[in-house]
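Please keep the structure in view while reading.

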Amino acid sequence: MPELISYELVQDDALCVAVLTVNNPPVNALSHGIRVGLVNTISRFSEDAQADIAVLVGAGRTFVAGADIKEFGEPLQAPDLEEVNAALDGLQKPIVCVLHGTALGGGLELALSCHYRVALATSRVGLPEVHLGLIPGAGGTQRLPRLTGIAAAADIISSGRQVPAAEALELGIIDEIAVGSNPEVAGIAFAKTLVTEGRSLRRTCDQTDKIERDHENSDLFRELIETARRNAKGQQSPVTSVESVIAAASLPFEQGLIQERRIFDALVETDQSKALIHAFFAEREVGKIPELATGKARDLNEAAIIGGGTMGSGIAMALLTAGFKVRMLERDQDGAERGKTNVHSLLDGALKRGKINAEQHTNLSNIAFSVTTDVSNLSDADIIIEAAFEDMDIKKTLFRQLDAHAKPDAILASNTSFLDIDEIASVTSRPENVLGLHFFSPAHIMKLLEIVVGKQTSPDVVATGFALAKRLKKVGVRAGVCDGFIGNRILDNYLNLVTNLVEDGTSPYDIDAAVTSLGFPMGPHQMLDLAGLDIVYANRRRKLAAGWVGRYSADYLDRITQQERLGQKTGRGVYIYADGDRSGQPDKEVISILADIQAKKDIAPRSLRAEGIRKRFMAAMINEGARILEEGIALRPLDIDMTMIFGFGFPRWRGGPMKYADLMGLDAVLADIRRFEEEDPDFWSPAKLLVDLAERGQNFDSLNKPSQTK
Ligand code: 3HC
């Protein structure tokens, strides 16, 4: 095992360079051991009479990517990172830091405390603490503005974005972009130049030119805070991060550090930070599923899509830009032409926005993509994704044809949003090669991919589904078979709740306002108008035909739909949309329709306040999530959280519905549901799992433990 921090003297002509290397794979996170090692080796360099200058590098694929996030929430073990940085500030001999990979958070703060910084051309730097609900806690908000000025530091820190090396050089964050790809070699070469040019030690904390320039620029400060507030959409730390950066212009360095630390320590305790840290690890955990232990992903090169509508073309676009050859099957020549036009217009859009260049556009449109009306032309495809009309008979017919024509080991996937994958697979002679790949619209943009595993789907096919998600840069979530899988099942349930509340007297516009105040990008009715009321209507018809369970309260939506008011696409739905306007205005006629329905059904309208709406909305999601877990449809609570964050606009800083429940306390959630049950027993009854966990004093997170999922 290499030492956590190795120390090596390299003699280069007359110069003796001490090379300090951080060895903590995979991303050299600044764990307790690393901090101790750094303090010791910095001190060793300081006392080493032989060493003239030091170079600090990271081993492996990246320089340090930040503090060890796993240690957050545990009592801090000294030394903290700022003590390491103070040791660097205290050096009387120069130290050069070499950045490669991603120098992030505490990693960049460490680099900012060195006297010079060199970066490999492909490296990126950033202070992404806001993505964890935090601000930089080891001097980042005080040292970065000293190098870049207040405005640039506020932008970088409040957005958490990764800054490419070239921009970092322009902003003054680094001193040079190194030639070559070896950090140690680059560092030694830079050290030599420094000594040759007689440049001496230069501490970031002593640099004041750029912050003095903005010293009393209160207009700038106000604007920076306003911008951060607007972009943060309810999240707290981006705003406080800017306040801390601004403090660098007025407070002496040491006091700025104390203030930064105070804010950091307070933020670590917030629900927002706990939720975001949960989301960080859940995003990495969600792809670790039992099938990967035995399954081996198949090679995929050629893909076929059935259906050239909105979903089919979006999926084709996602596959094309990920390097697949894609053939699209349509029923007839007209359909094929429409599909081709749809895909070409998506490619045109990508060209216009600079996502692809002209050469790629030509290749993808004319070479990689083709259309056909003959199913036998799909026999070369490694994977066939059906995105045809949402009807079981149509799908069965198609899968029978695919079974006859697809090559034996081709994967046959359905993009169905609700239907039973096992029933679809049953018409083929190879159910082990069938699975659901449920994309979300627009499929080339939305990050979620539900990977629906049927009774007979083989581990290899599941593993291939997850490898495909990765290649498409999507978050794959494993789901079992049930009506709506994870996401649409939860959606259906809360739409049911919402229609009950509306019919009972709460305005649909108040419901949308309450839901957006939670941090969702839109309310349920805005979402229905965007998706098209006809689509949701068709789904309700399907469920009514199959025997609706519970109270049917969507008469107002039915009436609006029957009047051909289908949402944004017809300029009128639950809202009215002025020409070209995508944010609708409330419609008085909808209110009249509701009054009429209430009169006919003899309902005495009762309107809920925002807090009452919010509590019921969240409780409905949590309760259905618990049922989904109980039935084994989702492997773990975190799979539900990832589904709702990446597919349904659940605010990441609330962690997903199951994390939200944990933060609220399951006792409190259960007490709410029992209260709601008294007023509407048809809709509410607490899930057994929720009751069991609350009684045992446990939370959903206890079910996220890897040992329980393997
Ligand atoms: N602490 C602990 N573990 C970390 C970590 C960190 N800072 N960063 C990454 N990891 C872990 C991941 O959980 C993952 O573990 P796993 O293999 O068991 O799932 C493993 O390292 C590899 O990470 P990725 O799968 O994410 O690898 P990528 O190559 O895709 O991405 C990365 C690398 C860009 C560095 C990405 O991991 C990342 O963004 N990390 C977080 C960076 C960050 O937020 N830094 C700030 C931390 S807070 C801080 O520094 C506070 C300071 O101001 C005091």
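This is a predicted model: local features need pLDDT of at least 70, side-chain atom pairs count only at pLDDT 80 or more; totals for chains, interfaces and linings use all residues.

The ring centres of F520 and F650 are 5.2 Å apart and their planes stand at 75 degrees, so the pair is edge-to-face. Because F520 lies in the loop between helix 20 (508–517) and helix 21 (524–531), while F650 lies in the loop between helix 26 (637–648) and helix 27 (657–664), the pair ties together parts that are 130 residues apart in sequence.

F520 and F650 also belong to one aromatic cluster, which they form with Y494 and F617.

## Other rings and charges

The count of aromatic pairs comes to twelve. Among them is the pair of F280 and F281, whose ring centres are 5.1 Å apart with planes at 85 degrees, so that this pair is edge-to-face. F280 is partly exposed, at a relative accessible area of 23%, and F281 is partly exposed, at 29%.

R284 lies over the face of F280, at 3.8 Å from the ring centre, and R541 lies over the face of Y537, at 4.3 Å from the ring centre.

## A buried loop residue, N28

N28 is found in the loop between strand 2 (15–22) and helix 1 (32–47), and it is buried, with a relative accessible area of 1%. The side chain of N28 reaches the backbone oxygen of A59 at 2.9 Å. Leaving aside neighbours within four places in sequence, the residues in contact with N28 include V22, G58, A59, T62 and F63.

Key:
Residues are numbered from 1 along each chain as its sequence is written. Side-chain values use heavy atoms; hydrogens and water are left out. Helices (H or I, at least four residues) and strands (E, at least two) are DSSP runs, numbered from the N terminus. Buried means under 20% relative accessible area, exposed over 50%, partly exposed in between (1.4 Å probe, protein chains only). A polar contact is a pair of N or O atoms within 3.5 Å; within protein, one must be able to donate a hydrogen and the other to accept it, and residues adjacent in sequence count only if both atoms are side-chain atoms. Contact means heavy atoms within 4.5 Å. Rings of Phe, Tyr and Trp (its six-membered ring) pair if their centres lie within 6.5 Å; planes under 30 degrees apart count as stacked, over 60 as edge-to-face and the rest as tilted. A charge sits over a ring if NZ of Lys or CZ of Arg is within 6 Å of the ring centre and within 35 degrees of the ring normal.
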